[in-house]
Amino acid sequence: MPKIIITGGNGFIGKSLQYLLKQNDIEFNILTRNPKKENEYRWNIEDGYIDENVFNNATAIIHLAGENIGSKRWSSAQRKLIIDSRVNSTKLLYNFLSKQKHTINTFIGASGAGIYGDGKDTWQNEDTAAGNDFLADVCVAWESEAKKMQSLNIRTAILRTGIVLDKDYGVLPKIIQSTKYSIGTYFSDGKQYMPWIHLDDIIAIYLYTIQNNNISGIFNAVAPNPVSNKEFSDKISLKLEKHLPPIAVPSFALKIALGEMVIILLNSNRCSANKIINAGYQFKYINLDNALDNLLIQQ
């Protein structure tokens, strides 16, 4: 039975992952800046510090830590924080594992579907070249550090995550509120693809990857059927029984409001889930309709 270390365990994916691990009677420790519980241990990325006790009998690391991409406008300082929080935290883990005795045999790192840049309507798989914007640069740097774990004979998998859908956290509640009290909106021409995934599936993929020793390398952690931004908006409006026509928010207005961060909304990522499916994972929510039926049931 594995014992797992989770970084970024207090984010909404991390908290849900903790619940899933408890359901499966899997032990885990959390690396955090401010430990409060018995299974929480302190680390400080800037100071290069890790409480070594977190590694006692641990066999795997799930590395989720990183500054929220969309929490603030991308000033020079914020861009640095976004990159450093990912790259330096991974370096810190690598440096410890390369110098100290440990029992870690598996490393599962997070990354993002944004690595592909704007792919328009072209399908993007794990062999697709990286894009040339800031999000792509972040993911490339992040993955480069994670791949170094392989040199330590640690099984390494990297999950390129799409837009995680949850009823309480992330982007979906904001869209629901907007749709409830006004009308649905989509961005620019609404043709850009959204690589969505239900929260239940992303945490299940992490667990599946931990439990299957034959899984390594890079995987798109996205649902098999990406939809356009307009289709996404239309489906939410329909589920909420809002039948007014949606409004397109022009790209120039978004650029004024968000600056370079606008690529989060305007890049198109039509990501393929074939590789993780071929590795044996069975999605709970294949289509957006099924996912929204589950997530909006109490709305």
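Residues are numbered from 1 along each chain as its sequence is written. In this predicted model, local features need pLDDT of at least 70 and side-chain atom pairs count only at pLDDT 80 or more, while totals for chains, interfaces and linings use all residues.

Let's start with the overall build. The protein holds 10 helices and 16 strands, counted as DSSP runs (helices are H or I, at least four residues; strands are E, at least two) and numbered from the N terminus. Its C-alpha atoms fill a box of roughly 60 × 40 × 40 Å along the principal axes.

Now look inside. Of the 299 residues, 52% count as buried, where buried means under 20% relative accessible area, exposed over 50%, and partly exposed in between (1.4 Å probe, protein chains only). Among contacts with a separation of 6 or more, 78% join residues 24 or more positions apart; a contact means heavy atoms within 4.5 Å.

Most residues other than glycine have a negative phi. Asn57, in the loop between β4 (49-50) and β5 (60-63), has a positive phi near 65°. This Asn57 is exposed, with a relative accessible area of 61%.

Key:
Side-chain values use heavy atoms; hydrogens and water are left out.
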